[in-house]
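Trainee: I would like to take a close look at a single part of this model, namely the places where its surface leaves open space. Could you take me through them slowly?

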Amino acid sequence: MATPPADRPAAWLDALADHVLAHGIAASSLRALARAAGTSDRMLLYYFSDKDAVLAAVLQHAATRMMALLGVVAPPQPLATAALRMRVLPMLRDPAVAPFMRLWLELAARGAAGDPLARRIGADIGRGFLTWIEMHSTGGDDRAAAARLLAEIEGTVLLDSLGMRDVVDQALG
């Protein structure tokens, strides 16, 4: 049975996210995205107002998939921030998570270069991760502890990507 027209964009999101996770944002032209979804660039633009709208939906969908991966390490009850840190940090080096981390770094680099879409979507995704940490830690109203853990996670991803695994290992003990 064919996908109803109204459901097409949702049906395309996994294929589009797979493409962006494999090739990055820079290699995701409208035509390449359309090919990945098995449609035409004109059809994508029929359902999305422009390429930025496609990318925004795809990046949010990729973040949702990453949150599902985080669900695997989510504690059944909130943990002290240090204990949550020990659950989350090893996951960052999992090969299944690597494409998400590469995409996150590309999004951050684009945001640092002034790309408004990357800054907006990146901030939304980052705040979503911060909320996840807050929900799974016993810091209570101590948002600063959750923010420190997020900064530590991001620093770990950045330094690992630069080949400084030894520095990260030393810092993490």
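Which element gives the most to the lining of the largest pocket, and with how many residues?

Mentor: Please keep in mind throughout that this is a predicted model. The element you ask about is α7, which gives the most to the lining of the largest pocket, with five residues. To place that helix in its setting, the chain has nine helices and zero strands, and its C-alpha trace spans about 50 × 35 × 30 Å along the principal axes. Of the 173 residues in the chain, 38% count as buried.

As for how such spaces are found, rolling a probe the size of a water molecule over the atoms shows where empty space is left. The largest pocket has a volume of about 200 Å³, and α7, covering residues 116-136, is joined in its lining by α6, covering residues 98-112, and by α8, with at least two residues coming from each of these three helices. Along the lining one meets Trp 104, Leu 107, Ala 108, Gly 111, Ala 118, Arg 119, Gly 122, Ala 123, Gly 126, Leu 150 and Glu 154. By class, these lining residues divide into six nonpolar, three polar and two charged.

The second largest pocket, with about 160 Å³ of space, is lined by Leu 92, Arg 93, Ala 98, Met 101, Arg 102, Leu 105, Val 157, Asp 160 and Ser 161. Here the elements that give two or more residues to the lining are α6 and α8, and it is α6 that gives the most, with four residues. The lining of this second largest pocket consists of five nonpolar residues, one polar residue and three charged residues.

Together with Leu 162, Met 164 and Val 167, Leu 158 makes a nonpolar surface patch of about 320 Å². Leu 158 counts as partly exposed because its relative accessibility is 42%, a value that falls between the limit of under 20% for buried and that of over 50% for exposed.

Notes. Residues numbered from 1 in each chain as written. Predicted model: local features only at pLDDT ≥ 70, side-chain atom pairs only at ≥ 80, totals over all residues. Heavy atoms only, no water. Patch = residues over 30% accessible without salt bridge, like charges linked within 9 Å, V, L, I, M, F, W, Y side chains within 5 Å. Areas by Shrake-Rupley, 256 points an atom, 1.4 Å probe, with all protein chains shown as cover. Salt bridge = Lys/Arg side-chain N within 4 Å of Asp/Glu carboxyl O. Buried < 20%, exposed > 50% of the residue type's maximum accessible area, 1.4 Å probe, protein only. 1 Å grid on protein atoms, 1.4 Å probe; cavity = no way out; pocket = protein on both sides within 12 Å on 5 of 7 lines; lining within 4 Å. Points joined across faces, edges and corners; volume = space filled by probe spheres on them. Nonpolar A, V, L, I, M, F, W, Y, C, P; charged D, E, K, R; others polar.
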